[in-house]
Amino acid sequence: MKTNPELKLERKLNPVNVWSLALGSIIGWGAFVMPGTTFLPRAGTMGTVIGMAIAALVMITIALNYGYMVQKYPVAGGEYTFAKNTFGTGHAYLCGWFLGLSYLCIVPLNATALGLVSRKLLGGILEVGYLYSVAGWDIYAGEILLASAALILFALLSMRGISVAGWLQTVMALSLVAAVFVLAVGALLNPDVRLSNLKPFYPEGKSAIASVIAVVAVAPWAFVGFDSIPQAAEEFNFSPKKTGSIMIFAVLFGGLVYVVINTITGSVMPWPALLAENYDWPTGEAVEIIMGKAGLIFLGIALVCAVLSGIIGFYMATSRLLFSMAREKALPDWFARIDEKRKTPKNAILFVMAISLTAPWFGREVLGWIVDMSSIGAAIGYGYTCMASYRTLKNSPEDKRPLLQVLSVTGSVLSFIFVLLLIVPGMPSYLSAESRVCLAVWIILGIIFYFLSGNAKGRKRHKGESRHV
């Protein structure tokens, strides 16, 4: 792989920073609202525990392939780099195009979640300056200002150096874990919290298998973010051999946080009765019943840390992906420029910020359509990594790892199934009509940009060179 030796990032991230990067990217706003909207109504308490355990095992299977590929290519770019070096520029472009959107849209999604935190915990004090409504979502100037301020602030912090971003991410991730731990202890010590409240273990009229599958089906999107680690591989100050273990611990902690929050929500009273009350936010209601206002404070800390760490994590992942693609001439050179003093891809970060600043004006509903559609990008990234792992193992006789070969095939098949769950009518995660339109537009744009950017010519040239080797 040819790279410009001047385009180097700084090696400043330690293993704790990298683990924090992954965990903070995995756990976002959804972990605190899905108990009431998805997990309990679709899977119940036990269905969520079992389903999340299986989902974590699926992600660990895929993560082990990431760990192997990072050892082979310890540079920025992650899945894009794996695909390019294994399958060529065309496949790399396809992977990078979808993965880029998957990462990019999560940045403003986390920023706009700050407004939701205000609505849930602060009585909607930012719902001032009503402007208009989009798809039933009210747009307020106060919430736009907060989201914009967060996007600008964390872009500036991200440009100050990876050590600053790594330190912030570590503080946020550890604070998130600590706050969730306090909530769990508070629930265990409350005499009104009983195991009997967790029954029925599965939703009425739904089998255990169907309940578990409902949770496993959202695995790629529940855990999206652990794959941000390979994007920072060039900035590790430790051996890439540790990558697999770090990713596994991030997935396990992420799954545990999901389960703990869901169990707390379902333990305050028989959970069907809790949902029947039609509370606006069942998790917040359950925490307040268990621990009062103090519980809401810790819940707020966990929420804010989850949201802010998501912004930091995906700023890093998106900018490194764009930087890597530009360095390989798949994007304009402008994206590959590095701040000489701080060694960060400044232009790529500014681009992510500029695009993200437009999102709050469209509202959470429209942003949700794009996020749902972009979930395909995560599954495509998983698939390319596992397929690249399989081919690399076959072409590397010195790497005798038969178990990993099996896991690479398994991960490839599972990734394909995840894509089918999104695009096949009747599947649990079938895209909405609006998301399908967004997907079609993104595919058309990708095809146009592919030919306009010269990628197609580069691919033909690469094939011609290969035939003469």
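Which residues in H2 meet which residues in H14? The close-ups below, drawn from a predicted model, start with that contact.

**View 1. Helix H2 (residues 30–72) crosses helix H14 (residues 363–394).** Here the two axes come within 9 Å and cross at roughly 60°, so H2 and H14 are oblique to each other. Their crossing is left-handed. From H2, look for Met-59, Ile-62, Asn-65, Tyr-66, Tyr-68, Met-69 and Lys-72; they meet Gly-381, Tyr-382, Thr-385, Cys-386, Ala-388, Ser-389, Thr-392 and Leu-393 in H14. Sorted by class, this contact of H2 with H14 has nine nonpolar residues, five polar and one charged.

**View 2. Helix H10 (residues 243–267) meets helix H12 (residues 282–327).** The axes of H10 and H12 come within 8 Å, with a crossing angle of roughly 65°; H10 and H12 are therefore roughly perpendicular to each other. This crossing, too, is left-handed. On the H10 side you will find Ile-261, Ile-264, Thr-265 and Ser-267, while H12 brings Pro-282, Thr-283, Ala-286, Val-287 and Ile-290. Six of the residues in the contact of H10 with H12 are nonpolar and three are polar, with no charged ones.

**View 3. Cys-438 and its closest cysteine sulfur, in Cys-105.** The two sulfurs are 10 Å apart, too far for a bond, because a disulfide needs sulfur atoms within 2.5 Å. The whole structure holds zero disulfides.

**View 4. Cys-305, a buried cysteine.** Its relative accessibility is 8%, and Cys-305 counts as buried because the cut-off is under 20%.

Notes
Residues numbered from 1 in each chain as written. Predicted model: local features only at pLDDT ≥ 70, side-chain atom pairs only at ≥ 80, totals over all residues. Heavy atoms only, no water. Buried < 20%, exposed > 50% of the residue type's maximum accessible area, 1.4 Å probe, protein only. Axes fitted to C-alpha atoms, helices over the stretch in contact; angles between N-to-C directions. Helix = DSSP H or I, 4+ residues; strand = E, 2+ residues; numbered from the N terminus. Parallel < 35°, antiparallel > 145°, perpendicular 65-115°, else oblique. Left-handed = near helix turned anticlockwise from the far one by under 90°. Contact = heavy atoms within 4.5 Å. Nonpolar A, V, L, I, M, F, W, Y, C, P; charged D, E, K, R; others polar.
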